[in-house]
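Here is a short briefing for a first look at this structure.

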Amino acid sequence: MRVLATAGHVDHGKSALVRALTGMEPDRYEEERRRGLTLDLGFVWTRLGDDHLAFVDVPGHERFVPTMLAGVGPVPAVLFVVAADQGWQPQSQEHLAILDALGVRHAVLAVTRSDLADPEPVRADAVERLAGTSLGKVPQVAVSAVTGAGLDDLRVELARLAAGLPAPDPDADVRLWLDRAFTVRGHGTVVTGTLGAGTLRVGDRLVTADGAAVLRVRGLQSLHEERTAVGAVARVAVNVHGQGDTTLARGQVLLTPDRWLCTEAADVRVTGEPVAELPRWVTLHIGTAAVPVTVRPLGPDTARLTLSRGLPLRVGDRAVLREPGGTRTPCGVTILDVRPPRLTRRGAGRARAAELETMTGRLDGTAELRRRKLVRRADLRAMGVPAPGDPVAGDWLADAAHWTLLKDRLAGHVLEHARAHPLDPGLPAEAARRLLGLPDRALVDALAAAQPRLRARQGRLYPADSPGPALPAPVRAAVDALRRDLARTPFRAPEAGRLAELGLDRKALAAAAAAGALLRIADGIVLLPGADADAAAVLRALPQPFTLSEARRALDTTRRVAVPLLEFLDARGHTERVDEQHRRCRADAVDGGGQESNPFLHSIMTCGDAGNSDK
């Protein structure tokens with residue numbers, strides 16, 4: 001199927017023409033038929049060759065321009081109508097300005113009422129006017145809906161136009177702008193719209209732009225035929241069900257979940273009028289939506305729009321800015337950025353204007369990543385921009401030059417910390433994240449892994465050639481004293497008083513743990529290195545499962561130590577909880593003579609042996 005919208009001045013015969021082409025009545029209301037005036041959108045279709053051609057018939061009266069915008073907004077092509085007996089009129093010009101603002105490039109010109117006047121002067125004038133817009137040079141046909149003259153020629157041109165339209169992507173994310181919503185007895189809420197890309201299927205889940213409603217597709221119709229799936233481009237009627245379905249209306253949109261960014265601010269390029277001359281408040285028309293926006297001029301043809309409600313916009317989208325009342329020529333808008341930076345510093349607006357001058361609205365993932373430096377792949381795709389390359393950590397993409405700079409900066413911070421804190425030379429990874437201004441700790445880990453000048457240990461970063469903290473003689477002596485204490489009772493961690501007596505404060509304990517001289521179980525709880533594996537061996541000899549009390553007695557320690565020690569063993573994969581009261585030793589825990597269990601390594605090993613269970 002292909003979908004066209006009509007356009008042209010009121011009373012130039014748009015509805016009569018599509019009625020003659022399709023044999024269907026586009027005016028849905030008795031009032032429209034009685035007055036001979038289209039008041040709302042109409043939908044009819046016909047078969048041309050092997051495919052269907054659907055028409056969205058729009059009103060031509062100046063009072064209904066917002067309705068006309070809702071009709072042409074989601075549609076890729078147009079049947080432009082001018083009457084031979086009236087010629088070019090004000091709404092002919094405004095409709096053409098709207099099509100030009102939207103960047104519509106596919107059209108056929110029909111000069112109607114050719115039985116009432118010579119169509120040639122009007123045809124020549126209209127062709128010249130259309131040629132100066134995005135439509136360019138278009139095929140044209142003189143017709144009469146009354147006598148039928150020219151209708152066959154018009155069908156030929158419409159079929160040729162339909163065949164030349166770009167093929168939509170059937171796998172694209174769905175963004176269905178709604179032009180009608182109503183209730184059908186026994187079925188519930190039904191919405192209609194022009195599906196411009198993607199595929200709808202019965203059973204799909206869709207969300208509204210604000211995420212307030214999650215709806216299930218219960219049924220689909222296209223051209224009054226029940227369907228299990230409908231691919232773009234197509235006119236569709238969708239029976240939806242879910243909380244909030246009764247609030248749907250024209251101007252709202254249904255979306256593929258988790259694939260769109262709902263934005264309330266966008267940086268745009270404006271055509272048709274200097275940005276500085278635009279009113280502060282105008283209306284943004286995109287799809288079937290009409291949303292008030294405030295305009296902040298940035299450059300001669302660039303501006304920031306702040307929307308009164310969020311919309312699912314993407315880079316490259318075309319839209320219209322129109323002052324309510326229609327006293328100005330509508331302006332075209334190309335979306336450049338749907339996640340623009342805040343402009344809070346002095347001079348930020350000028351800097352942003354200079355940056356926007358380099359942006360075209362074309363989908364360039366490499367350029368977008370270079371500007372943003374770091375961005376989640378899912379967010380980039382939700383902006384409509386293809387993701388270049390592979391993530392550096394999780395779903396994060398990084399510009400190569402910026403990533404190299406971050407690696408060097410991280411190494412510099414780690415070396416500086418090591419020089420400033422010889423007793424505790426390891427820079428905490430979270431502190432490194434804050435110093436670099438990174439949004440995710442995973443990025444720090446990835447940077448450290450990619451930086452040969454660094455090594456990571458227990459959540460801290462050290463210079464690669466650092467032997468660890470150099471323990472002063474008093475600290476070494478205190479650690480030796482603890483070793484003698486723990487040799488007799490290896491799981492009775494020293495009390496706070498004993499630590500204070502030996503002069504082991506928090507910083508000294510951290511240094512000893514970083515040097516591998518002590519094993520830190522929890523804050524203020526230290527044992528000898530390897531005590532975790534020794535404790536696991538003791539617990540493994542108990543009847544399984546065991547309680548905290550049984551573990552405490554077996555380890556000959558106190559509750560103060562037993563509770564964090566068991567939690568430590570849980571985290572290292574030696575033990576696991578059975579219920580609130582019991583634990584057991586994991587059968588797959590690695591007893592490596594003091595080495596830590598590695599659940600990730602175990603998972604690889606067990607998966608690798610899954611096919612060899614007969615050995």
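Where helix α12 starts, a side-chain oxygen of Asp440 comes to within 2.9 Å of the backbone nitrogen of Ala442. The model is predicted. Its chain averages a pLDDT of 89.

**Helix α12**

- Helix α12 covers residues 441-450.
- Its buried residues are Leu443, Val444, Ala446, Leu447 and Ala448.
- The cover over these buried residues includes the helices α10 (400-420) and α11 (429-436).
- Strands also take part in that cover, among them β22 (374-376), β23 (396-398), β25 (454-457) and β26 (460-463).

**Confidence**

- A pLDDT of at least 70 is reached by 94% of the residues.
- Strand β9 (residues 199-201) has the highest confidence in the chain, at 97.
- Helix α19 (residues 599-608) has the lowest, at a mean of 31.
- Over residues 590-615, pLDDT stays under 50.
- For that stretch, the model has 19 contacts beyond four places in sequence.

**The largest pocket**

- The largest pocket holds about 1500 Å³ of space.
- It is lined by 40 residues, and those closest to its centre are Arg175, Gly196, Ala197, Gly316 and Asp317.
- Helix α9 (377-382) and strand β7 (175-184) each supply at least two residues of the lining.
- Helix α9 gives the most, with 3 residues.
- By type, the lining of the largest pocket has 20 nonpolar, 11 charged and 9 polar residues.

**The cavity**

- A search of the whole structure turns up 1 cavity of 30 Å³ or more.
- The largest cavity contains about 50 Å³ of space.
- Its lining includes Glu273, Leu278, Pro279 and Val282.
- Leu321, Arg322 and Glu323 also line the largest cavity, as do Arg328, Thr329, Pro330 and Cys331.
- The lining of the largest cavity divides into 6 nonpolar, 4 charged and 1 polar.

**Asp179**

- Asp179 lies in strand β7.
- Is Asp179 buried or exposed? Asp179 counts as buried because its relative accessibility is 4%, and the cut-off for buried is under 20%.
- The side chains of Asp179 and Thr192 are joined by a polar contact of 2.6 Å.
- Leaving out residues up to four places away in sequence, Asp179 touches Leu41, Phe43, Thr192, Gly193, Thr194, Arg235, Arg250 and Thr288.

**Backbone exceptions**

- Most peptide bonds are trans, and most residues other than glycine have a negative phi.
- Ala232 and Val233 are joined by a cis peptide bond, with omega about -5 degrees.
- Val233 sits in the loop between β13 (229-231) and β14 (234-241).
- Gln544 and Pro545 are also joined by a cis peptide bond, with omega about -5 degrees.
- Pro545 is in the loop between α16 (531-540) and β29 (546-547).
- His224 has a positive phi, near 70 degrees, and is not a glycine.
- The loop between β11 (214-222) and β12 (225-227) holds His224.
- His224 counts as exposed because its relative accessibility is 63%.
- Asp258 is not a glycine either, and its phi is positive at about 60 degrees.
- Asp258 is found in the loop between β15 (253-255) and β16 (262-271).
- With 79% relative accessibility, Asp258 counts as exposed.

Methods: Residues are numbered from 1 along each chain as its sequence is written. This is a predicted model: local features need pLDDT of at least 70, side-chain atom pairs count only at pLDDT 80 or more; totals for chains, interfaces and linings use all residues. Side-chain values use heavy atoms; hydrogens and water are left out. On a 1 Å grid over the protein atoms alone, a cavity is a set of points where a 1.4 Å probe fits but cannot get out, and a pocket is an open set with protein on both sides within 12 Å along at least five of seven lines; lining residues have an atom within 4 Å of a point. Grid points are joined across faces, edges and corners, and a volume is the space filled by probe spheres set on the points. Ala, Val, Leu, Ile, Met, Phe, Trp, Tyr, Cys and Pro count as nonpolar, Asp, Glu, Lys and Arg as charged, and the others, Gly among them, as polar. Helices (H or I, at least four residues) and strands (E, at least two) are DSSP runs, numbered from the N terminus. Buried means under 20% relative accessible area, exposed over 50%, partly exposed in between (1.4 Å probe, protein chains only). A polar contact is a pair of N or O atoms within 3.5 Å; within protein, one must be able to donate a hydrogen and the other to accept it, and residues adjacent in sequence count only if both atoms are side-chain atoms. Contact means heavy atoms within 4.5 Å. pLDDT is the predictor's confidence in each residue, from 0 to 100.
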